[in-house]
Amino acid sequence: MSSFSWKQKWTAITPKPFAFISILSSTYIIQHVLKSRKRRSEVFHRLLLGLSLCDLFASTSFFMGTWPIPIGTKGVYLASGNKATCDAQGFFQQFFGVAPPLYNGSLAVYYFLIIRYGWKNGNPKLKVAEKLLHAVPLLYATITAVIGSALDMYRSSNLWCWVAGQYQVTRMIFLYGPVWLSFIVTSFCMIKIYCEVRAQEAKTKKYNSSVTSAGRSDLNQRTDHSRRFANQAMFYVLSFWITWLFPTCTRVSQFITGGSSPFVFIALFTIFIPLQGFFNVLVYLRPKYLKFKKRHADKNICQLILLGCGCSGEKAMRMSVSY
């Protein structure tokens with residue numbers, strides 16, 4: 001009879017398939033950005049590339065899960081490593097755990113600068129801002145990961161190796177504090193973005209009757225462009241919020257109870273935290289899907305999926321009917 005409970009087996013096994021999905025998703029974004037010179041030249045895609053690279057390594061660490069934890073660690077299913085593997089995973093877990101939330105904050109700030117101030121690629125101010133938007137996640141991740149390694153803080157945290165449980169304040173400073181700060185930054189940016197879009201829409205409505213048809217068309221296009229940007233930004237923010245909702249619930253419940261968290265939070269934690277790359281690729285492909293849907297407005301969702309997979313229109317129609 002196994003000496004491990006089903007909960008211990010759940011936390012060891014569950015992250016792996018979801019992390020694998022995220023690995024594939026992040027890899028798609030990375031190769032899609034890198035293979036195009038135009039995309040590589042754009043600030044947005046370079047920020048997304050940084051985010052996706054961090055997601056890729058984070059998902060790899062999530063996939064490894066309990067394997068690097070020293071073998072024989074009490075209550076940890078599939079522990080197969082040693083002190084060296086645990087230290088290595090702890091370093092990667094810290095670096096690539098905190099960098100993505102900070103990159104999400106950088107992405108929200110980027111959208112705010114584009115919509116609020118109208119900065120475009122090539123703008124000297126945007127070039128300076130881009131350096132800061134990359135530097136904050138990478139420097140903070142590097143400094144905290146090195147400190148954790150230098151002070152020998154990495155131990156089993158049941159799901160994987162990370163900062164040991166006795167360093168609660170350090171855990172807050174190293175991860176949860178930056179995550180919650182990113183919540184605040186992204187929320188502030190989205191509020192300001194939507195206020196700006198609403199102001200632009202009001203201005204367009206006011207001046208539509210007093211400008212020529214060409215001027216009216218230009219105003220409407222700019223407003224529509226800002227609205228699309230704002231919607232895309234909101235979806236990236238939602239991707240970040242969904243990813244970190246249950247880790248936050250887990251941590252808050254531990255503060256309230258002074259001990260363990262309800263297992264339902266931990267179970268959802270093991271599902272959603274490895275999926276961060278998958279949520280990002282869904283948002284990344286959203287504009288392409290909307291354009292495809294507009295070109296095939298007469299098709300239902302099943303037919304759109306089949307067409308996207310390369311089926312002909314007639315074959316897609318027959319297959320969707322068969323469902």
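Reader: Which residues does Trp 241 touch, not counting those up to four places away in sequence?

Author: Trp 241 touches Phe 183, Thr 186, Ser 187 and Met 234 once residues up to four places away in sequence are set aside, where contact means heavy atoms within 4.5 Å. This is a predicted model, in which local features need pLDDT of at least 70 and side-chain atom pairs count only at pLDDT 80 or more, while totals for chains, interfaces and linings use all residues. Residues are numbered from 1 along each chain as its sequence is written, and side-chain values use heavy atoms, with hydrogens and water left out.

Reader: Where is Trp 241 found, and how far is its C-alpha from that of Ser 182?

Author: Trp 241 is found in helix H8, residues 213-257; helices (H or I, at least four residues) and strands (E, at least two) are DSSP runs, numbered from the N terminus. The C-alpha atoms of Trp 241 and Ser 182 are separated by 9.6 Å, although the two are 59 residues apart along the chain. At 27% relative accessibility, Trp 241 counts as partly exposed, given that buried means under 20% relative accessible area, exposed over 50%, and partly exposed in between (1.4 Å probe, protein chains only).

Reader: Stepping back, how many helices and strands does the chain have?

Author: The secondary structure comes to twelve helices and two strands, and from the N terminus on the elements run α-α-α-α-α-α-β-β-α-α-α-α-α-α. Of the 323 residues, 46% count as buried, and residues 24 or more positions apart account for 70% of the contacts with a separation of 6 or more.

Reader: What about salt bridges, how many does a search of the whole structure find?

Author: The search finds six salt bridges, each being a side-chain nitrogen of Lys or Arg within 4 Å of a carboxyl oxygen of Asp or Glu. Among the residues involved, Lys 83, Asp 87, Asp 152 and Arg 155 are linked in a network of salt bridges.

Reader: Which side chain does Asp 87 meet in a salt bridge?

Author: Asp 87 meets Lys 83, at 2.8 Å from N to O, and both residues lie in helix H5, four residues apart, or about one turn of the helix. Asp 87 is partly exposed with a relative accessible area of 25%, and Lys 83 is partly exposed as well, at 37%.

Reader: And Asp 152, which side chain does it meet in a salt bridge?

Author: The side chain of Asp 152 meets that of Lys 83, at 2.7 Å from N to O. Asp 152 lies in the loop between H6 and E1 whereas Lys 83 is in helix H5, so the pair ties together parts that are 69 residues apart in sequence. The backbone of Asp 152 is worth a look too, with a positive phi of about 55° although it is not a glycine. Most residues other than glycine have a negative phi.

Reader: How far is Arg 171 from the nearest side chain of opposite charge?

Author: Arg 171 is buried yet has no salt bridge, and the nearest side chain of opposite charge, Asp 87, is 13 Å away; Lys and Arg count as positive and Asp and Glu as negative here, with His and the chain ends not counted. Arg 171 is found in helix H7, residues 168-207, and beyond its neighbours within four places in sequence its contacts include Trp 162, Tyr 176 and Arg 251.
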